[in-house]
Amino acid sequence: MAQSAEADWVARFADDVIAEAGQRAPGKKIIVASGISPSGPIHLGNLREIMVPHLVADEIKRRDVPCEHILSWDDFDRYRKVPAGYDPAWAEHIGKALTSVPPPEGSGYASWSDHFKAPFREALAALGVEVTEISQTAEYTSGTYREQILHAMRERRRINDILGRYRTKNKPGAVEDQDDEESTAYYPYKPYCSGCDRDLTTVISYDDNTTGLTYQCQACGNRETVRLSEFNRGKLVWKIDWPMRWAVKGVAFEPSGVDHQSPGSSWVVGQQLVREIFDAEPPIGPMYAFVGISGMAKMSSSKGGVPTAADALQILEPQLMRWLYARRRPNQAFNISFGDEISRTYDEWDALERRIAAGEASPVDVAVHRRATRTASGFLPTTPRRLPYRTLASILDITTGDEEQTLRILRDFDPEQPLASLDETRPRLDCAQRWVTTHVEPGQRTRVRAEPDSQALEAMSGREAEALKLLVDGLTDHWSLDGLTKLVYAVPKLQAGLDADAKPTPQLKTAQRAFFALLYRLLVGRDTGPRLPTLLLAIGHERIRQLLAAG
Ligand SMILES: [Zn+2]
């Protein structure tokens, strides 16, 4: 059924998941899962945990096969540490469930976890990602997993044996969490103390017949006996929790990060536990490689220096974000750049769209583009007039975002099809604007000279003065992006007695470079700057004449 050369990785996984789910539970809705811990700002790198299953679920839905993508919020996990940049006083809540920790100072949300879920949820909506959210706090505290908890407690010795197979292979210290450290009596369950809300508890004894469980709290000294058949304030330890959920939800696809796939990791142990203890099959679960972040300016990083999906969506259109994830197989690492590279990302995307429009793109490129621009539910909003990001950023840099001035410059860009309103260039324009103000270092911003550099003008050679005159005289006839591009390259040719269309020689290239450097120095007081045609359009006739007028 795979469409061989035309299939991208998403289509191939969808083939596998549909086939596998059809065998396991014929006719039932396919469940694809992600899990996120809302323990602090959710790092942009974690978005892959959502995007990989999203793309597969979306492909399954496009084929009209019922499918649901569940997002499991691990909000019943313990609060482990205060993230960098947050009030250290919150350390007093360490050991509580994330839903029991108060939100950061000044937050309007009810809890620590709610505070960090909200921006992530918004980012997912902007990206066209549809998920069914499941709060593990809600599940555990309502007794959803009662049967599985009691079962795991009855089977604790077998569970301990399975974990033991990996312990012996593991080097000390390689254990993923301490919940399953070897102990005389192993319990796969940890209560939150009813005295202090923390999980610094030790299970002392458990009676399989009565389900009576006695625990002792190390934090407050509380010792209590509860009945697990009705107690809802605890959870299975992570390595048991995860496979239990695969079984309960019938998860057919759930990828995990590289760190989960080493020997003895929760993924590997979970494969055994789900089969041997919970009598179900593990999901198809590719490993995904990390997504790196580069070029993030210090001044722009959010609280704690963590780039989030919301930060990236400030500067990247949602389609481009989707494209970055769709075009790479999960096991390929890649970088998302917040620096100058971002222009290249947009350029590559625009080039792809041109190839598609011209019917020159490969089938895989077309498939990936389709995943980026629409979901099974519809198209994502798009920018009607897609001008190069680099150009928009240069203009906004020079105009410092002044709308009237920006519109005037953009109108001159293509006099044949003048822009009617800035809205035609949105949301890309807004992304470029935010990029310029938050990611371009102040020292890199372009400052058009307020006054002519009279010293430099007086020191010019006669040949340089002649070049400036040729440029200034040609402005009116060449006042468009294409026209000015031709003009700036033509000036040194005309000076050399050549035709404006002459092929460049090494000497000509040297002359062009020297001419451009001269223009940059006179216009912006540096040796480089935005592309000259863009810069000239942005500065405007009158000011160019003023800054380049010798004497
Ligand atoms: Zn306590």
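**Zinc site and a buried arginine in a predicted model**

Author: In this predicted model, the zinc ion is held by four protein donors, the SG atoms of C193, C196, C217 and C220, which lie 2.3 to 2.4 Å from the ion. Along the sequence, these donor residues follow the spacing C-x2-C-x20-C-x2-C.

Reader: Why is the site of the zinc ion called tetrahedral?

Author: The angles among the four donor atoms run from 101 to 118 degrees, and since four donors count as tetrahedral if all angles lie between 85 and 135 degrees, the site of the zinc ion is therefore tetrahedral.

Reader: Why is C217 called buried, while C220 is called partly exposed?

Author: C217 has a relative accessible area of 2%, which is under 20%, so C217 is buried; C220 has 40%, which falls between 20% and 50%, so C220 is partly exposed.

Reader: How do you know that R245 is buried?

Author: R245, which is found in helix 7 (residues 238-249), has a relative accessible area of 7%, and because this is under 20%, R245 is called buried. Among the residues that R245 touches are S72, D74, Q136 and Y145.

Reader: What is the confidence of the chain?

Author: The mean pLDDT is 92, and 94% of the residues reach 70 or more, but over residues 173-178 the pLDDT is below 50. Where pLDDT is low, the predicted coordinates should not be read in detail.

Notes: Residues numbered from 1 in each chain as written. Predicted model: local features only at pLDDT ≥ 70, side-chain atom pairs only at ≥ 80, totals over all residues. Heavy atoms only, no water. Donors = N, O, S within 2.8 Å, 3.2 Å for Na, K, Ca; no water. Tetrahedral: all angles 85-135°; square planar, octahedral: opposite > 155°, others 65-115°. Buried < 20%, exposed > 50% of the residue type's maximum accessible area, 1.4 Å probe, protein only. pLDDT = per-residue confidence, 0-100. Contact = heavy atoms within 4.5 Å. Helix = DSSP H or I, 4+ residues; strand = E, 2+ residues; numbered from the N terminus. Lists of a residue's contacts leave out its neighbours within four places in sequence.
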